[in-house]
Amino acid sequence: MTVGRLLRTARQTLRDAGLRGCLLVRDLDTGDELGLDADVVLPVASLVKVPLAVATVDRIDRGELDGACGITVTPGRVRTPGPTGLSRFRHSATVAIDDLLYLSVAISDEGASDALFALTPPPTVADTLRRFGIEGISVRHRTRDLTDTPAERLAPEVHLAHALAASATTAGQGHPIAQLDVGRANAGSARAFVDLLHALWRPSRIPAAVAARVRELMGDNLLRQRLAPDFSSDASRWSSKTGTLLNLRHEVGVVEHADGQAYAVAALSESAVPAAVQPAAEAALAQVARELHDALRAARR
């Protein structure tokens, strides 16, 4: 199949699932890549926890923070389905910074992430990315702001929030829901996140110890419903972070094969279907990401 036909087929697969997809797959050794709308900027939801982890681990590495220091986190009192961990606790808990990092990345814990953002605010996270030469990811607010959406205010009529999310985007990517407006939300492109993954998995301006710890955290990701089924096997390792909010379904990660080849994958998508549970959309996104990966890997042989 030619590249042109592959990309046309991929677009149709996503369209049939009700998705607009922005994807990029890059060979981390050759730099070769395949993608769809890889430079389109979208709100990134929980993907922001990867830059947060980079900035936090860097501060630990430089001695500004002590990873063993305990932080007291108050209960989240979140009413809508989805958030995990400390966000759903009923009582305050004291957790070490190192363990907050694990909770933030591995189970996408909003409470843990906001405890880390209290130590390293969004502007500092953004400055850290720039210092490491990573452009194109805007870090503007804490993760707690992600839960203050119509889904929270309209509970239990959550379907109304999904209908608004799916239908109200403007041509300029504005949106009445702040978390879905690229001018106000944490935002980035598939290419920007692949650049970040590339810097974490191959020598870069990010200190080796910092990159190794973030890779370890992403390797511990317990949310496996999106791309993992198509990238995990006995002969490959999939390390990733998901991002899910209303009609957004994202995942970015690196697949490392037993033969030594490694590919960064960023799959960002927004759904036009006003529903919270869309297994067909999850499967279609993973299928397209895998097809782009397989085409790129086959071209190297």
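Biologist: What does R130 count as in terms of accessibility, and at what percentage?

Modeller: R130 counts as partly exposed, with 45% relative accessibility. That label sits between buried (under 20% relative accessible area) and exposed (over 50%), using a 1.4 Å probe and protein chains only. Before we go on, this is a predicted model, so local features need pLDDT of at least 70 and side-chain atom pairs count only at pLDDT 80 or more, while totals for chains, interfaces and linings use all residues. Residues are numbered from 1 along each chain as its sequence is written, and side-chain values use heavy atoms, leaving out hydrogens and water.

Now for the partner: R130 and D127 meet through their side chains in a salt bridge, 2.2 Å from N to O. A salt bridge here is a side-chain nitrogen of Lys or Arg within 4 Å of a carboxyl oxygen of Asp or Glu. D127 is partly exposed too, at 42%. Both residues belong to helix 5 (residues 122–131), 3 residues apart, or about one turn of the helix. Helices (H or I, at least four residues) and strands (E, at least two) are DSSP runs, numbered from the N terminus.

For a contrast, E33 and R191 form a salt bridge at 2.5 Å, N to O. That pair links distant parts of the chain, with E33 in strand 2 (residues 33–36) and R191 in helix 8, 158 residues apart. E33 is partly exposed at 29%, and R191 is partly exposed at 25%. Across the whole structure, a search finds 21 salt bridges.
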